[in-house]
Every structure is written in C-alpha cells, then in structure tokens.
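Please consider the structure shown below. The paragraphs that follow lead through its parts in turn.

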Amino acid sequence: MMRNSLARTDLAFVLHPQTDPALLEVEGPMILDHGNGVFVTDSSGRTYLEGMSSLWCAALGFNEPRLARAAAEQIARLGTYHTFNRRSNPAVIDLAERLVALSPMPDGKAIFANSGSEAVDTMIKLAWLYHSGRGAPERRKIISRRRAYHGSTVLGATLSGIPSMRGAFAWPDPGVLFAEAPHFYTGGKAGESEEEFADRLVGDIAAMIEAEGAQSIAAMIAEPVMGAGGVILPPASYFPKLAALLRGHGILLLSDEVICGFGRTGEWFGCQAFGFRPDMMSVAKALSSGYQPIGATLLSAEVHEVVRAEASRLGVLGHGFTYAGHPVTSAVALETLKIYEEMDLLARVRALAPAFRAHVGALASHPLVGDARAVGLIGAVELVADRATRRPFAASDGVGTRLIALALEQGLILRNLGDTIAICPPLVIAPAELDLLFTRLRQALDALSDTLAAIPQE
Ligand code: PMP
C-alpha cells in the first residue's frame, strides 16, 4: 500500500489506543483532516458520513463555528487557570449553573474533570467520602456489571466488564462485584418475559448484596444504555426496581451518563429516559460536543451535604485535576449547552427518533441481523450466524470488523462492538442524511452477506 508521509510518521511515532498494532501496520492510520456538519474527510480526500459522532460525542457535528469562537475568545481573555484553593473563573461558574439547572438534581453541585474516566473516578472517590462522612468507612465495594464500560484509568479498567479492557489493566482484588448485563436478547431465558428477566436480574443483585453484606457496599455504577458493551437497552422496569433495592440498603446509585447525557436518548439524561433518580452522575463527551476534553460529576444535594461536611472536617477535599474547570474547556461547554437550548435539542431528537427507530427496525429482517434496537438517536444491530437459535458468529470470524470495513467502503463510519454495530450519529443530522446513513449501512450488510455466502458455514 502506498503511504503518504503523514501516515509513515504516524506509524513511526504514535501508539494508538484501542487499536490492533499489527493491523495498523498493515492498513495504516486513517487520518481525518476536516469536518463539515455530519461528514468528515480523510487525508486522501475521501468523505464519510460519521455515524458514530466520533466516539459518541460530536452532537453538533464537526465544525461548529460558535464553538471555535468561544474557544478563541476565552484563550484571548484568560487562556488557563485552575480551580484549586478557591480559584474560579466566569466560564466555569456559568457552566456549572447551567449544567446543574439542566440536570435532574437542580439543587445539587458539579465538580469538573477532563474526561469521562476522570468523572467516573471522581464519582467513586466521592461515594467513599460520603460513606466515610456518614460513619461507614467500611462501605468500599462497588457493584458494576458485565459488559460495563466506565473508562480507561486503572479504576475504569477495574470497573469494566469487558474482558479486553481488563486483561493486564484491572487492579487485582479491588472489591468490585459484577452483576449481569440487562441484555434480554442474549440473557433472557426461554419463555421469560422482559419484565420477568428484569425481576430475575434485580433479584440476583439483591442476593449478591445479601451475600456480601450491604454494610460493605458503597455504590452501584451503571450506564443507562450500556454503550461500549454493545448498546444494551434495559427492560423498562429494570432501573426503577434496582433503584428501590439499592436505596433500601443505603447503597448509592451512580449513573454513568457519559454517552447518554445531553439528549442522546430523547431526554436530557439517560436516567430520565429509564426512570430512576441517581445519587450522582458522570457526564462528558456531548457536554462540549467533544470539542474540548471535559467531564463532570454531579452530586445530589443530599450527597453534597455529607461530602461538604466531611471535606471540611478533613480540612480539604483532597481530590482534583489541574485542568478541572479550565476556562477554555468550560467556555466551549457553556456555548455547547447554549446551542442545545437555543436549537431545542430535545424536540429535535424526539422529532427524529421515530424515523431512526423505523430505520433500525427495518434492518431487523436482514438475514444477518438477530436483534435491532434503538432509543432516541442511539441504536444497534446485532449480527448473528443463526437468527432462529440466536447463535453468534465465532469471534475469529471477525464479522463485525468486516461489516465496519465494508461500511467504510460505502462512505460510512460506524463502530463494531464485537458483532454488534453501534449507530450514534450527530444530533444535528438532517432527515435526508439519516436516510443516507441507513442506505449505506444496508449496502454494507448486503455486501457482507455476499462475502459470507462465499464461505461454507458449518
Ligand atoms: N463511561 C462511559 C459510559 C463511556 O462510554 C466512556 C467513554 N466511551 C467513559 C466512561 C470514559 O470516557 P473518556 O474516554 O472520556 O475517559
């Protein structure tokens, strides 16, 4: 393959995250040069419809001029500052006010970070501080779930229920307990209704709490829609029942809203779409439409009150990142939230959601698709070898990876999570662009069918 000098330099110097290094050496990097609305163009001049909003972030597409201006103006005024030791800046103050008002905890507080992973780490540390402040420092264990993704720090890897993220990276013996993922398609038993499935999973968590001792458990962390684990939508009754169970045991419920936050599900936050009130939540990604690295942890008033008192008793809240509440990231996030409100983001997502769902649903009859699911503007199709028995393809077939490569040939960027194909376009996508996305996806699925038909199946 011919390589331009940028690609050669990339191969020489860049270690790519979440990439197979051997494959990178064969195929070379895909170098993105510029964006235009929901489209991005690579360094060879090919343009793609970006069906994943980069990594579930670019709600406003890829070249929103107001965000460019917000960054430039803030850099010219105060290019950097921290928020330790009482320091603050107008951008982070306005952002915090707007963010808290938008959230389901309007009398709560926000603490800032630079990524989703850091927001999650912060949330766990504050859960421990909360229990310590309530005189229960022995509450340290965290309940997570299989297929969960909560970030790439050591703690994130340790909370992760995805084997490739754990491997050498998870901390040994960390006190993290794993509940089942609420994926009815693969986890439901024969004859079981979705409601019964939800009851069984919540019952298993009740048994886990009983066995471990509620007094040893600090919190449960959950993504309303599991993203990296395969775009898993929980049954309607799952979270309301889970929230009641945890509350009864004094276990905090932490909603990881890094993907679901800011309109993705048709509500401002995923917990609102799935019917529960968390004690804290982590946000990132669409908070700045992905234009600046920013995350935040939101605390309910009740949690904050305890955290405040405990930090005062200790003399300091001994946690914080140099760039937390950074004026430039804050200014861009503030402008992002203003744009969301001015464009009436929720109305837009809700108006597009039926067409999105219909497009995803139409793929359910494709011979390679076992399950097709969507909420708001996030969805997935799960590819299976046998629709009747739900038998998956062998992992070594790499069917999901092949589909993504075929989609790329059609001018469409998507992401495979194993053999589940995630679809998460910018929220500013136009109806005609949505049609184009699904036309290209269907073409890729048909092309994959053709290549599979050429291979003898057992
Ligand atoms: N939580 C969830 C639910 C996520 O999807 C992600 C990122 N995909 C993270 C945390 C980590 O965010 P970041 O990559 O910004 O650290």
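Where does D344 lie? D344 lies in the loop between α14 (327–342) and α15, where helices (H or I, at least four residues) and strands (E, at least two) are DSSP runs, numbered from the N terminus. Residues are numbered from 1 along each chain as its sequence is written. This is a predicted model, in which local features need pLDDT of at least 70 and side-chain atom pairs count only at pLDDT 80 or more, while totals for chains, interfaces and linings use all residues.

D344 is exposed, because 11 other C-beta atoms lie within 10 Å. The terms used here are as follows: a residue is buried if 20 or more other C-beta atoms lie within 10 Å of its own, exposed if 12 or fewer, and partly exposed in between, with C-beta atoms placed from the backbone. The phi of D344 is positive, about 55°, although D344 is not a glycine. As background, most residues other than glycine have a negative phi. K285 also has a positive phi, near 35°, and is a residue other than glycine. K285 is found in the loop between β9 (280–283) and β10 (295–299). K285 is buried, because 27 other C-beta atoms lie within 10 Å.

The domains come next. The protein chain is divided into domain 1 (31–63 + 344–453) and domain 2 (67–342), with bounds that come from an automatic or database domain assignment. The centres of domain 1 and domain 2, taken over C-alpha atoms, are separated by 26 Å. To the contact, domain 1 contributes 27 residues and domain 2 contributes 24 residues; two residues are in contact if their C-beta atoms, placed from the backbone, lie within 7 Å. On the side of domain 1 that touches domain 2, at least two residues each are supplied by α3 (53–56), α15 (345–362), β11 (369–375), β12 (378–383) and β15 (420–423). Of these, α15 gives the most, with 5 residues. By class, this side of domain 1 has 16 nonpolar, 6 polar and 5 charged residues. In this classification Ala, Val, Leu, Ile, Met, Phe, Trp, Tyr, Cys and Pro count as nonpolar, Asp, Glu, Lys and Arg as charged, and the others, Gly among them, as polar.

Attention now turns to the ligand. There are 16 residues around the ligand, and S115, G116, S117, G151 and V258 come nearest; a residue is near a molecule or strand if its C-beta atom, placed from the backbone, lies within 6 Å of it. Helix α6 (residues 116–133) gives the most to this shell, with 3 residues. The shell around the ligand consists of 7 nonpolar, 7 polar and 2 charged residues.

Several helices can then be followed individually. Helix α10 (residues 194–212) has 19 residues, which should span 27 Å at 1.5 Å a residue, and the end C-alpha atoms are 27 Å apart, which agrees; the expected span of a helix is 1.5 Å times one less than its number of residues. Within α10, the residues F197, A198, L201, V202, I205 and I209 are buried. They lie on the same side of α10, because they cover an arc of only 130° around the axis, the arc being that of the directions from the helix axis to the C-beta atoms. In general, an α-helix has 3.6 residues a turn, so residues three or four places apart point the same way. The exposed residues G203, D204, A207, E210 and A211 are carried on the face of α10 turned away from its buried side. Partners in packing for the buried residues of α10 are β5 (141–145), β6 (176–179), α9 (184–187), β7 (217–222) and α11 (238–248). Just after α10, G213 takes a positive phi of about 95°.

In α11, the buried residues are Y238, F239, K241, L242, A243 and L246. These buried residues of α11 pack against α10, β7 and β8 (252–256).

Helix α17 (residues 431–453) has 23 residues and reaches 33 Å from its first C-alpha to its last, close to the 33 Å expected at 1.5 Å a residue. Its buried residues are L434, L437, R440, L441, A444, L445 and L448. The buried residues of α17 pack against β3 (47–50), α15, α16 (399–409) and β13 (412–413).
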